[in-house]
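User: Please take a close look at the charged pairs in this model, then at the packing and the ligand site around them. Give the cut-off behind each term.

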Amino acid sequence: MMTDEQKTLQWGGEALHIYRDEIADAWIIIAVHSTRRGPSAGGIRMKQYNGLQEAIADVMKLSAAMTMKFATVNMSWGGGKTVVYLTRPLDVASREALLLRLGLHIKNLCGQYYAGPDIGTSSEDMDVLHGVAAPYIFSRTPATGGSGSSSIPTAYGVFAAIQATCRQIFGEADVSGKSILIQGMGNVGRFLAQLLHEAGASILFSETNPALVAELSETTDYRWVAPENLFDTPCDIFSPCAQGGILDHSTISKLRCRGIAGAANNQLYHPERDGELLRERNILYAPDFVANLGGAMGITLMEAEGMEYETAMLRVQTAIGTALDGIFLLAGELKIDTVDAAERWVTKL
Ligand code: PHE
């Protein structure tokens, strides 16, 4: 097993810009993983970490995943990401001031990196950033001329990934009558549940915010699964839509699903090993960077290439479905796990 130090040295990215923000007692880290295909792009993750090392490791992994997403669909963008590591919660005014200082750092990179939202940031935050870092900001609110939250195209893409996974396992893409367990009813999870429900699937969900659990239990017929039962609840498809790193040796051994396709980034704790563990358990894994590339793809199609909303959503779904069909085929043919297959599928492009 590789140590964190070895993983860091194996990153393969181009630049890490680390800024200390004294006023907010925060760190801003912008990772430019690749500009080989075009400028780097990726969201801004803002949260509290257990130290700078953890924040740096996260931004490195997340930016590498962005490179894989754009390469999978052959787009002329590279991978980038920002982590804003907060050491304490900020009030509204200090948070906005911090965003403006982050905007200046983005502006100073002169187009090597384009930012969008991610966990902890919103389209409203992109409006604020745009004030100082135009034109390097994606996913602003529609009121200011942006195409809004990237959660919607992300959810459309995960929906297509679930269909492709069902096609491979059950012989048909139709999700009606299938049970889908969604971990995390945040912006993506909720919209995904709605799409699946409309298509006739039965929804199980796990969510740690009690107010949201209460609301969903009252207004929908989704079935709540307690966090301690998350991994061993029987279902057709498990869809991780919360934080990363949830699949490892111990959780994989508990799973009672046939396939996995979800929106979370970096779902496998040890990507070099866990894909194979899933294969051994005969669980079909839609690699995360394929299943969740719809946000980045949809937003860049609409905002950088001027594509209409409906066309972009269709493109996202077709691209993800086609990529997964190819990856599953390759994995079966070469008897390798789907993560390995996805990496080979991407590099052949
Ligand atoms: N949060 C998106 C992701 O992880 C990143 C993104 C959003 C990139 C919007 C571009 C535009 O894929």
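Analyst: A residue is called buried when its relative accessible area is under 20%, exposed when it is over 50%, and partly exposed in between, using a 1.4 Å probe and the protein chains only. The model is predicted, and local features need a pLDDT of at least 70, side-chain atom pairs count only at pLDDT 80 or more, and totals for chains, interfaces and linings use all residues. Residues are numbered from 1 along each chain as its sequence is written, and side-chain values use heavy atoms, with hydrogens and water left out.

Charged pairs come first. Side chains of opposite charge can pair when their charged atoms come close. Here a salt bridge is a side-chain nitrogen of Lys or Arg within 4 Å of a carboxyl oxygen of Asp or Glu, and the rule gives a count of eleven salt bridges. One of them joins aspartate 21 and arginine 101, with 2.6 Å from N to O. Aspartate 21 belongs to strand β1 and arginine 101 to helix α3 (residues 92-108), so this pair ties together parts that are 80 residues apart in sequence. Helices (H or I, at least four residues) and strands (E, at least two) are DSSP runs, numbered from the N terminus.

Strand β1 covers residues 15-21, and aspartate 21 is in it. With a relative accessible area of 6%, aspartate 21 is buried. Its side chain also makes a polar contact with the side chain of arginine 101, at 2.6 Å. A polar contact is a pair of N or O atoms within 3.5 Å; within protein, one must be able to donate a hydrogen and the other to accept it, and residues adjacent in sequence count only if both atoms are side-chain atoms. Leaving out residues up to four places away in sequence, aspartate 21 touches Ala26, Leu98 and Arg101, where contact means heavy atoms within 4.5 Å.

Helix α3 also takes part in another pair. Aspartate 125 and arginine 95 form a salt bridge through their side chains, 2.7 Å from N to O. This pair links distant parts of the chain, 30 residues apart, with aspartate 125 in helix α4 (residues 123-133) and arginine 95 in helix α3. Aspartate 125 counts as buried at 8% relative accessibility, whereas arginine 95 counts as partly exposed at 21%. Apart from residues up to four places away in sequence, aspartate 125 touches Arg95, Leu99 and Gly120.

Arginine 190 and glutamate 215 form a further salt bridge, their closest N and O atoms being 2.8 Å apart. Arginine 190 is in helix α6 (residues 187-198) and glutamate 215 in helix α7 (residues 210-219), so the pair ties together parts that are 25 residues apart in sequence. The relative accessible area of arginine 190 is 33%, which makes this residue partly exposed. Glutamate 215, at 36%, is also partly exposed. Elsewhere, salt bridges that share partners join Arg45, Asp58, Lys81 and Asp118 into one network.

Two members of that network, Lys81 and Asp118, are also among the residues around the ligand, a list that includes Gly42, Gly43, Met66, Lys69, Pro117, Ser150, Asn265, Ala296 and Ile299. The side chain of lysine 81 has an N or O atom 3.1 Å from an oxygen atom of the ligand. A polar backbone atom of proline 117 is 3.0 Å from a nitrogen atom of the ligand, and a polar side-chain atom of asparagine 265 is 3.2 Å from a ligand oxygen atom. Of the 330 Å² of accessible area that the ligand has on its own, the protein covers 95%; these areas come from the Shrake-Rupley method with a 1.4 Å probe, and for residues only the protein chains shown count as cover.

The nonpolar packing remains. A nonpolar core is a set of buried Ala, Val, Leu, Ile, Met, Phe, Trp, Tyr and Cys residues joined through side-chain atoms within 4.5 Å. The largest core has 90 residues, of which Ile44, Leu102, Ile106, Ile162, Ile182, Leu192 and Leu196 touch the most other members. Helix α12 (residues 309-334) gives this core its largest share, eleven residues. A second, separate core has 19 residues, including Leu181, Leu204, Phe238 and Leu247.

Terms used:
A residue is near a molecule or strand if one of its heavy atoms lies within 4 Å of it.
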